[in-house]
Amino acid sequence: MNTAVPSRHRLRIFEIYDSIQGESTLAGMPCTLVRLAGCPLRCSYCDTPQAIPTDSGQWINVEDVVQKVAAFNRPLVLVTGGEPLAQRYTVELLSALHESGCIVQLETAGAYSIENIPACIRRIIDIKTPGSGEVERNCLQNLDLLTEGDEIKFVLTDRSDYEWARDFIHAHRLGEGEVPVLFSPAWGNMNAADLCAWVLEDHLPVRVQMQMHKTIWGAEAEGV
Ligand code: SF4
């Protein structure tokens with residue numbers, strides 16, 4: 001337990017559970033997921049709409065979250081949402097989890113600046129495509145703040161989304177350095193085989209990823 005964090009540092013937590021990381025370059029690792037409540041975005045493909053309301057979940061102090069995560073004794077913790085960066089004490093939570101000895105991943109919609117997120121946190125930044133309905137929310141300054149350990153993710157809904165993302169990575173020279181770019185088909189919206197064929201045809205410097213947890217437990221399963 002991190003006793004240095006004041007008990008007034010609390011966050012709205014939707015759920016904390018034991019699973020495997022289903023996405024990212026660390027997919028397949030045993031992982032504790034901390035899902036924060038509340039999100040100001042409304043993506044067309046959102047698979048956690050139950051965590052969008054800011055009054056969903058419950059208030060939990062940072063030190064109690066760390067204690068719950070420690071009880072699962074996993075090497076990796078993913079802080080996701082909802083939108084984690086919409087809450088006031090997310091940096092304190094991330095730092096406390098890192099101090100507890102876990103590898104910490106943060107998954108964010110990319111609508112908020114990551115400038116205050118310590119580089120020891122592995123930041124997974126979504127780039128919202130037109131098909132998400134939230135493309136205007138992208139905080140593009142984040143692209144200049146990414147370092148080794150971070151990742152960029154595009155969730156794609158159709159061929160036009162793919163072409164938009166392809167042109168975006170070329171324009172911003174993504175995928176050429178130490179930050180991997182992930183292309184993920186929106187579950188139920190897009191044929192993954194088509195996406196693979198397009199990536200191969202265009203020789204894109206990206207990784208195609210599937211949501212492993214949905215393949216294992218089904219798209220409707222919660223808490224796994
Ligand atoms: S940012 Fe994430 S939680 Fe928020 S609406 Fe989009 S997919 Fe859902």
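This is a predicted model: local features need pLDDT of at least 70, side-chain atom pairs count only at pLDDT 80 or more; totals for chains, interfaces and linings use all residues.
Student: Which strands show the antiparallel pairing, and over how many bridges?

Tutor: Look at strand S1 (residues 10-20). Four bridges join S1 to S3, and the two run antiparallel. S1 also pairs with strand S2 (residues 30-36) in the antiparallel sense, over seven bridges.

Student: What does the chain do between S8 and S9?

Tutor: The chain crosses from S8 through helix H4 (residues 192-202) to S9, in a right-handed β-α-β crossover. Another right-handed β-α-β unit is made of S7, helix H3 (residues 159-171) and S8.

Student: How should I read the side chains of S8, and which ones point which way?

Tutor: The general idea is that in a regular strand the side chains alternate between the two faces of the sheet. In S8, Val181, Phe183 and Pro185 point one way, and Leu182 and Ser184 point the other way. Strand S8 (residues 181-185) is mostly covered, since five of its five residues are buried.

Student: Now the core. Which of its residues touch the most other members?

Tutor: Generally, in soluble globular proteins, nonpolar side chains tend to be buried together. The largest nonpolar core here has 46 residues, and Val77, Val79, Leu97 and Leu156 touch the most other members. Take Leu156 as a case to explore: not counting residues up to four places away in sequence, Leu156 touches residues that include Phe183, Ser184 and Pro185, as well as Tyr162, Ala165, Met190 and Leu195.

Student: Is Thr80 buried or partly exposed, and why?

Tutor: A residue is buried when 20 or more other C-beta atoms lie within 10 Å of its own, and exposed when 12 or fewer do. Thr80 has 19 other C-beta atoms within 10 Å, so Thr80 is partly exposed. Thr80 is found in strand S4 (residues 76-80). Leaving aside neighbours within four places in sequence, its contacts are Leu33, Arg35 and Glu107. For Asn61, 19 residues away along the chain, the C-alpha separation from Thr80 is 17 Å.

Student: What about Gly81, and why is it buried?

Tutor: Gly81 is buried because 25 other C-beta atoms lie within 10 Å. Gly81 is found in the loop between S4 and helix H2 (90-99). Setting aside neighbours within four places in sequence, Gly81 is in contact with Arg35, Leu36, Cys39 and Ala51. Gly81 and Glu107 are 26 residues apart in sequence, yet 7.6 Å apart from C-alpha to C-alpha.

Student: Could we try one more loop residue? Where is Val179, for example?

Tutor: Val179 sits in the loop between H3 and S8. Val179 counts as partly exposed because it has 17 C-beta neighbours inside 10 Å. Apart from neighbours within four places in sequence, Val179 is in contact with Leu146, Asp150, Glu151 and Ile152. Ile121 is 58 residues from Val179 in sequence and 14 Å away in space, C-alpha to C-alpha.

Student: Last, the ligand. Which residues are around it?

Tutor: They are Cys39, Leu41, Arg42, Cys43, Cys46, Thr48, Ile52, Gly81, Gly82, Glu83 and Ala109. This shell divides into six nonpolar, three polar and two charged residues.

How values were computed. Residues are numbered from 1 along each chain as its sequence is written. A residue is near a molecule or strand if its C-beta atom, placed from the backbone, lies within 6 Å of it. Ala, Val, Leu, Ile, Met, Phe, Trp, Tyr, Cys and Pro count as nonpolar, Asp, Glu, Lys and Arg as charged, and the others, Gly among them, as polar. A crossover is right-handed if, with the strands pointing away from the viewer, the path from the first strand over the helix to the second runs clockwise. Two residues are in contact if their C-beta atoms, placed from the backbone, lie within 7 Å. A nonpolar core is a set of buried Ala, Val, Leu, Ile, Met, Phe, Trp, Tyr and Cys residues joined through C-beta atoms within 7 Å. Two strands pair if DSSP finds at least two bridges between them.
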